[in-house]
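This report is a first guide to one protein chain, meant to be read beside its sequence and structure. Please keep both in view while reading the sections below.

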Amino acid sequence: MQKDLPSPQPVKLSAMDEDILTVLLGRKLYGLEILDQLNLDRPIELKHGSLYPAMNRLEEKGLVSWQWGDEADESGGGRRKYYEVTELGAKSLSEVQQYRVGQAKSTAKALCKKAAEELGFQSLAELARNAGVSESTISRVIAGAKLTDNTAQKIIEAIKSQNYSQGWDALESAGRLVYVLNYLRNHLAHLRGREALHKFREEDAERWDKNYTKISHKSQYNLIERIDLIPISSNLKKQLELIQEFCKAWKIKHDFCYSKKISSILKQNLDLIVSSIRLAAKKGFYVEVKETFTQIRHIAHLCDEFEFVADISKWLIEHSFNHGDMPTYIKAKTTLAWTLSSNREAEPLREAQELTDRVWELLENPEISKKITSEDMDVVAIICELRLRIPTRLQMYKHQSLAINNFNNLHRHSLLMLNKFQKNIALDTRLKMRYQIPLQYQHGIYLYTIEKYEEAKNEFQNVLYNSNLIGWDRVEQGSATWLATLTKKMNDIDSCRKYLEKIDEKPFLKLRKISNKIKNEISSNY
């Protein structure tokens, strides 16, 4: 059902009107979806009681229209009103936005670029991405909105991480943030003929610094309280959305924070996750399976769900090829190769090697490599690691030998491939190190297999330092395990005991079992 549009005339928009039109522009959403989008970055959530009067007001002005949905049979509930922006609404939104920017647009852009560079970033958009907040949130803070402690903590973490090589701590990062925000508020307010509403002070930076550690520690606890178990939905697509929210909230994709608590909570939810993805694959929900599996594949593997990971990888290989979706095709082949490489038998290892070689050839194709984005960089890193991991494991389990010159060539080519993509894709410093460390790790294992223990020890000490620097607990504990093994072989028992203590500081049970075995051997012989 749609109302007749009034004659075009100048329309005044409130801030909320503008937000609603922006959310709806180019799509149709029902009320709850609109509310969810509006509340993404708001410190105080809007309620239904605020939304629907605004929607009625916009409809009366001819800026939005609506029609009934036809989902009642599927959901078993009432029909929904789907809203969309009218031609007049789109025009009014464009006029308001152009009016606000006006002649100051190029000047404001230059100011923001300069401010971002002060913090070590190319743009405020890059800062926002690294901080895990929306660019609009930073824009609103610059325009005078309140900066919550939680958002400040995320931004300070991003600034600190970007400038860790310069020795910036949380206080230094907070102080720089205060300076930059005041700089932008003053200059942009002047361009608009206004006075800055509020200036941040040194006390704000000191308060953020004091709260930084406390908020960091509390954030994981609060998350545990909020999403201990994934909610269950009778709607399969909604269930997959809830799983994705869970994975994103726990930062599961790159498993920096894969602690004992996260492992425990994930395993509580694995039956739901696995059954939902399997059912979605059976129903042919390609996009939903692809997006959900992308989030969960690494940790499902770490939880020993090898059969599930392999099955869905094979399903995605077939369906991504049929959809012409090359990035997903590469991702699925890479995931299957990694799963097979976890085996000790020759046949699956050689199958993994064949898959890796095929993906490597695809990545060398300029037309295909252009389609690789920052979201796909973990796949490039895994393939580069597999080029070293698989032949090393084949040698470790006596299936074939690998001369050191051949390994060095593989190592060099993997580094070149990784650097080529990292040069063309913007990544934060932490992720760059995340993708480099596994090559060092595999180099250390290879040196161990050819009994070059001193060189292997040096490589794993580098891994230990770098993984600690970025907070990658699992790899830090793994490198300490290798160092304990190496120092025991070298009869350096004092160093061995030191590394055993470090293993026990971390949460991964499998690695602690290895440390206990080494402890027992030391106790028996020394």
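## Overall make-up

Among contacts in the chain between residues at least 6 apart in sequence, what percentage join residues at least 24 apart? The share is 66%, where contact means heavy atoms within 4.5 Å.

This is a predicted model, in which local features need pLDDT of at least 70 and side-chain atom pairs count only at pLDDT 80 or more, while totals for chains, interfaces and linings use all residues. Residues are numbered from 1 along each chain as its sequence is written, and side-chain values use heavy atoms, with hydrogens and water left out.

The chain holds 25 helices and three strands, which are DSSP runs numbered from the N terminus (helices are H or I of at least four residues, strands E of at least two). Of its 526 residues, 48% count as buried, a term for under 20% relative accessible area, with exposed meaning over 50% and partly exposed in between (1.4 Å probe, protein chains only).

## Nonpolar cores

A nonpolar core is a set of buried Ala, Val, Leu, Ile, Met, Phe, Trp, Tyr and Cys residues joined through side-chain atoms within 4.5 Å. The largest one here has 67 residues, and L363 and V380 have the most contacts inside it. Helix α19 (residues 377–396) supplies the largest share of this core, 11 residues.

Not counting residues up to four places away in sequence, V380 touches L363, I372, M417, L418 and F421. A second, separate core has 33 residues, including F121, A128, I138 and W208.

## Helices α16 and α17

Two packed helices are described by the angle between their axes and the distance between the axes. For helix α16 (residues 326–341) and helix α17 (residues 346–364), the angle is about 155° and the axes are 8 Å apart; α16 is therefore roughly antiparallel to α17, a description that applies to angles over 145 degrees, whereas those under 35 count as roughly parallel, 65 to 115 as roughly perpendicular and the rest as oblique. Axes are lines fitted to C-alpha atoms, for helices over the stretch in contact, and angles run from 0 to 180 degrees between N-to-C directions.

Residues making the contact include Y329, I330 and L336 of α16 and L355, V359 and L363 of α17.

## Around K81

K81 lies in strand β3 (residues 81–85) and counts as partly exposed because its relative accessibility is 30%. Leaving aside neighbours within four places in sequence, K81 is in contact with L29, Y30, G31, W66, Q67 and W68. The C-alpha atoms of K81 and G69 are separated by 6.1 Å, although these residues are 12 apart along the chain.
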